[in-house]
Amino acid sequence: MPKKPDAEMAEFEAALLRSAKQAVDGQYARVHTPDEIVRRRGRPVGSTAAVRKSATTIRLDEEVLAAFKATGQGWQTRMNNALKDWLKTHQVT
């Protein structure tokens, strides 16, 4: 059952007060676990790949796009890999 907004705010305020007290006492901040860190969209800062990719605009059938998106996060990478596999067996002129 989701928390009520008042309960969420009370929990947030309590955490904020604990954090402020730690800062005043000179204590180190709590380290967050990976589950607590919210992922940001896009490429991670400082990431580099051996093979550069290019941004493009492409028009696809709705059913193709829906099928890849239905596979969840990483669908663009899976679509790229499917196209690379297709290139291995077909000659592009």
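The count of salt bridges comes to 2, a salt bridge being a side-chain nitrogen of Lys or Arg within 4 Å of a carboxyl oxygen of Asp or Glu. The model is predicted: local features need pLDDT of at least 70, side-chain atom pairs count only at pLDDT 80 or more, and totals for chains, interfaces and linings use all residues. Residues are numbered from 1 along each chain as its sequence is written, and side-chain values use heavy atoms, with hydrogens and water left out.

Asp25 is partly exposed, because its relative accessibility is 41%. Lys21 reaches 53% and therefore counts as exposed. Here buried means under 20% relative accessible area, exposed over 50%, and partly exposed in between (1.4 Å probe, protein chains only).

A salt bridge also links the side chains of Lys88 and Asp85, at 3.6 Å from N to O. This pair lies in helix α3, 3 residues apart, again about one turn of the helix. Lys88 is exposed, with 68% relative accessibility. Asp85 has a relative accessible area of 45% and is partly exposed.

The chain has 3 helices and 0 strands. Its elements run α-α-α from the N terminus on. Helices (H or I, at least four residues) and strands (E, at least two) are DSSP runs, numbered from the N terminus.

Packed helices are described by the angle and the distance between their axes. The axes of helix α2 (residues 62–69) and helix α3 (residues 75–89) come within 8 Å and cross at roughly 120°. Helix α2 is therefore oblique to α3. On the α2 side, the contact is made by Val64, Leu65, Phe68 and Lys69; on the α3 side, by Trp75, Arg78, Met79 and Ala82. Axes are lines fitted to C-alpha atoms, for helices over the stretch in contact, with angles from 0 to 180 degrees between N-to-C directions. Angles under 35 degrees count as roughly parallel, over 145 as roughly antiparallel, 65 to 115 as roughly perpendicular, and the rest as oblique. Contact means heavy atoms within 4.5 Å.

The accessible surface of the chain comes to about 9,700 Å² (Shrake-Rupley method, 1.4 Å probe). Carbon and sulfur atoms account for 57% of that surface. Of the 93 residues in the chain, 1% are buried.

Met9, Phe12 and Leu16 form a nonpolar patch on the surface. Together they have about 320 Å² of accessible area. Patch residues have over 30% relative accessible area and no salt bridge; like charges are joined within 9 Å, and nonpolar side chains (Val, Leu, Ile, Met, Phe, Trp, Tyr) within 5 Å. Met9 sits in helix α1 (residues 5–25). At 43% relative accessibility, Met9 is partly exposed.
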